[in-house]
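Below is a short report on one protein model. It starts with the overall fold and then visits a few residues in turn.

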Amino acid sequence: MQLYLMRHGEAGHEAKYDRERSLTESGLHHVALMSEWLKSTGVKFQLVLVSPYLRTQQTWQEVSQHFPAPRKCKVLDELVPAADPEMAARLVLAYAEQYQAENVLVLSHMPLLGYMVSELVPGMEPPLFATSSVALVDIIGRHTELMWQQTTHSIS
């Protein structure tokens, strides 16, 4: 299975609550750039799992314009910034198995994404995720490996 972990685009700070922060114009632009780059790799997602926060929902709205519709898309409260990384990683793997998904896209936040990588890849320190960045974790049986991590700066 290939697990694509993506952080939402840049968000503004003018919302009353963190969950209501929306993407900036720059954030939307960078999400579009990353989406086009991901599309150029030929990946097609069978399963997409998204945080309920506004900025991740808006990120998915943009990403979805660049790809065919996945077989299943779910919004999960377990993908918010302060969620438990072990539980989030196990839940993502369980949904992937349930839907027999080979390519899974997870749209979430820091610090959760970094901690999820360290949960999935034994011995790995949690990497930082810039906004709109994506990491690929390859999972074959019990073997997991961080294959790459890209930012909008590294793909342009």
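## Overall fold

The secondary structure comes to 5 helices and 6 strands. Helices (H or I, at least four residues) and strands (E, at least two) are DSSP runs, numbered from the N terminus. Read along the sequence, the order is β-α-β-α-β-α-β-α-β-β-α.

This is a predicted model: local features need pLDDT of at least 70, side-chain atom pairs count only at pLDDT 80 or more, and totals for chains, interfaces and linings use all residues. Residues are numbered from 1 along each chain as its sequence is written, and side-chain values use heavy atoms, with hydrogens and water left out.

## Size, surface and charge

How does the radius of gyration agree with that of a compact globule? With 156 residues, such a globule would have a radius near 15 Å; the protein has 14 Å, which agrees. The radius is taken over C-alpha atoms, and the globule rule is 2.2 Å times the number of residues to the power 0.38. Along the principal axes, the C-alpha atoms fill a box of roughly 45 × 30 × 30 Å.

Of the 156 residues, 48% count as buried. Buried means under 20% relative accessible area, exposed over 50%, and partly exposed in between (1.4 Å probe, protein chains only). The accessible surface comes to about 7,900 Å², and 50% of it belongs to carbon and sulfur atoms. Accessible areas come from the Shrake-Rupley method with a 1.4 Å probe; for residues, only the protein chains shown count as cover.

Contact means heavy atoms within 4.5 Å. Among contacts between residues at least 6 apart in sequence, 71% join residues at least 24 apart. The protein has 12 positive and 17 negative charges, and their mean positions are 5 Å apart. Lys and Arg count as positive and Asp and Glu as negative; His and the chain ends are not counted. Each charge is placed at NZ of Lys, CZ of Arg, CG of Asp or CD of Glu.

Arg55 lies in helix α2 (residues 54–64). Is Arg55 buried or exposed? Arg55 has a relative accessible area of 3%, so it counts as buried. Its side chain makes a polar contact with the side chain of His8 (3.2 Å). A polar contact is a pair of N or O atoms within 3.5 Å; within protein, one must be able to donate a hydrogen and the other to accept it, and residues adjacent in sequence count only if both atoms are side-chain atoms. A polar atom of the Arg55 side chain also lies 2.7 Å from the backbone oxygen of Asp18. Leaving aside neighbours within four places in sequence, Arg55 is in contact with residues including Ala11, Arg21, Leu23 and Pro81.

His109 sits in the loop between β4 and α4. The side chains of His109 and Arg55 make a polar contact (3.5 Å). His109 is buried because its relative accessible area is 1%. Beyond four places in sequence, its contacts include Arg7, His8, Ser51, Tyr53 and Thr56.

Val117 belongs to helix α4 (residues 112–120). Its relative accessible area is 0%, so Val117 is buried. Not counting residues up to four places away in sequence, Val117 touches Leu5, Met124, Pro127, Phe129 and Val137. Val117 and Leu47 are 70 residues apart along the chain, and their C-alpha atoms are separated by 18 Å.

Ala101 is in the loop between α3 (85–98) and β4 (103–108). Ala101 is buried too, at 4% relative accessible area. Residues up to four places away aside, Ala101 touches Met1, Gln46, Leu47, Arg71 and Ala96. Ala101 and Pro70 are 31 residues apart in sequence and 9.7 Å apart in space, C-alpha to C-alpha.

## Backbone points to check

Most residues other than glycine have a negative phi, and most peptide bonds are trans. Which residues does a cis peptide bond join? The pair is Met110 and Pro111, with omega about 5°. Pro111 is in the loop between β4 and α4.

Gln100 has a positive phi, near 50°. Gln100 is found in the loop between α3 and β4, and it is exposed, with a relative accessible area of 65%. Ser132 also has a positive phi, near 70°. Ser132 lies in the loop between α4 and β5 (134–140). At 1% relative accessibility, Ser132 counts as buried.
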